[in-house]
Amino acid sequence: MSTEYKNIMRQGLWGNNPALVQILGLCPMLAVTNTLTNAMGLGLATLLVLVGSNTSVSLVRKWVPNEVRIPIYVMIIASLVTCVQLLMNAYTYGVYQSLGIFIPLIVTNCVIIGRAESFASKNSAPLAALDGFMMGLGFTAVLLVLGGLRELLGQGTLFDGAELLLGDWAASLRVDILHLDNGFLLAILPPGAFIGLGLLVAAKNWIDSRLARTKAPAAKVEVTRARVTSL
């Protein structure tokens, strides 16, 4: 695998994660991640739209006049969101109702229009598709972690209502971990979402700082060896 592909994967999942680094798409991310199922539904929908929009924009980039590129990108994204919305309405109606207005609002998600403008419009279709997939996967991963934490603290469960997204067989996925008489209400309210996201961003920054500290001594050793060799 080439270095370019590896860098795109690394940036999407960690280095330039749209939720933890770019801090984009906050509205749906904070609003619907009260359960793991809702987070998964929104994450998968966003991922599909990201891959489709990045690929489409890359394919038509040479024929789109620069003056009207943004309206055309939005039209492409809106068409894809409509398709995803109709599919969810047909096959996952329960999650479709839970997510509500936040499915059509994917059209205005800054992550999608941002990747179309900054990456897909300047690169080939395979690279654009990979970028959309990895950015969507990174965004979905944060949604899942945040949704899981909020559901666990608020209800003491995981995968509650999974059958609404995955079918009747998924009802067995529901796990009761904490037997709470009264759940931690703050966790499933909007302030809990802000606090949870802040903790995730802080955790990422802490991990990055630790990695930087461990790499610094190794870099100094390499520089010393190079000097000794040159002498």
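## Salt bridges

The structure holds 5 salt bridges. This is a predicted model. One of the bridges joins the side chains of Arg 115 and Asp 131, with 2.9 Å from N to O. Arg 115 sits in helix 6, which spans residues 110-118, and Asp 131 sits in helix 7. The two are 16 residues apart, and the pair links distant parts of the chain.

Arg 174 belongs to the loop between helix 8 (163-166) and strand 2 (175-176). Asp 160 belongs to the loop between strand 1 (157-158) and helix 8. The pair therefore ties together parts that are 14 residues apart in sequence.

## A network around Arg 174

Arg 174 also meets Asp 176 in a salt bridge between side chains, at 2.9 Å from N to O. Which residues form the network of salt bridges? Asp 160, Arg 174 and Asp 176 are linked in it.

How accessible are these residues? Arg 174 has a relative accessible area of 38%, so Arg 174 is partly exposed. Asp 160 has a relative accessible area of 26% and is partly exposed. Asp 176 counts as partly exposed as well, at 42% relative accessibility. The cut-offs explain these labels: partly exposed lies between under 20% for buried and over 50% for exposed.

## The whole chain

Now step back to the overall layout. The protein has 10 helices and 2 strands. Starting at the N terminus, its elements run α-α-α-α-α-α-α-β-α-β-α-α. The C-alpha atoms fill a box of roughly 70 × 50 × 30 Å, taken along the principal axes.

The protein has 231 residues, and buried residues make up 39% of them. Contacts can also be sorted by separation in sequence. Take the contacts between residues at least 6 apart in sequence: 75% of them join residues at least 24 apart.

## Helix 1 against helix 7

Two packed helices are described by the angle between their axes and the distance between the axes. Helix 1 covers residues 3-15, and helix 7 covers residues 125-155. They pack at an angle of about 25°, with their axes 7 Å apart. That angle makes helix 1 roughly parallel to helix 7. Their crossing is right-handed.

Which residues make the contact? Helix 1 supplies Glu 4, Tyr 5, Ile 8, Met 9, Gln 11, Gly 12 and Leu 13. Helix 7 supplies Pro 126, Leu 127, Leu 130, Asp 131, Met 134, Met 135, Leu 137 and Gly 138. By class, the residues of this contact divide into 10 nonpolar, 3 polar and 2 charged.

## Helix 3 against helix 7

Helix 7 also packs with helix 3, which spans residues 36-60. The axes of helix 3 and helix 7 come within 8 Å and cross at roughly 165°. Helix 3 and helix 7 are therefore roughly antiparallel to each other. The crossing of helix 3 with helix 7 is right-handed. Their contact has 18 nonpolar, 11 polar and 2 charged residues.

Leaving aside residues up to four places away in sequence, Thr 140 touches Gly 43, Leu 44 and Leu 47.

Where is Asn 17? Asn 17 lies in the loop between helix 1 and helix 2 (26-31). With a relative accessible area of 2%, Asn 17 is buried. Not counting residues up to four places away in sequence, Asn 17 touches Gln 11, Gly 12, Gln 22, Gly 138, Phe 139 and Val 142.

Tyr 91 is found in helix 4, residues 69-91. Is Tyr 91 buried or exposed? Tyr 91 is exposed, because its relative accessible area is 69%. Tyr 91 and Leu 164 are 73 residues apart along the chain, and their C-alpha atoms are separated by 9.1 Å.

Notes
Residues are numbered from 1 along each chain as its sequence is written. This is a predicted model: local features need pLDDT of at least 70, side-chain atom pairs count only at pLDDT 80 or more; totals for chains, interfaces and linings use all residues. Side-chain values use heavy atoms; hydrogens and water are left out. Axes are lines fitted to C-alpha atoms, for helices over the stretch in contact, and angles run from 0 to 180 degrees between N-to-C directions. Helices (H or I, at least four residues) and strands (E, at least two) are DSSP runs, numbered from the N terminus. Angles under 35 degrees count as roughly parallel, over 145 as roughly antiparallel, 65 to 115 as roughly perpendicular and the rest as oblique. A crossing is left-handed if the near helix is turned anticlockwise from the far one by less than a right angle, and right-handed if clockwise. Contact means heavy atoms within 4.5 Å. Ala, Val, Leu, Ile, Met, Phe, Trp, Tyr, Cys and Pro count as nonpolar, Asp, Glu, Lys and Arg as charged, and the others, Gly among them, as polar. A salt bridge is a side-chain nitrogen of Lys or Arg within 4 Å of a carboxyl oxygen of Asp or Glu. Buried means under 20% relative accessible area, exposed over 50%, partly exposed in between (1.4 Å probe, protein chains only).
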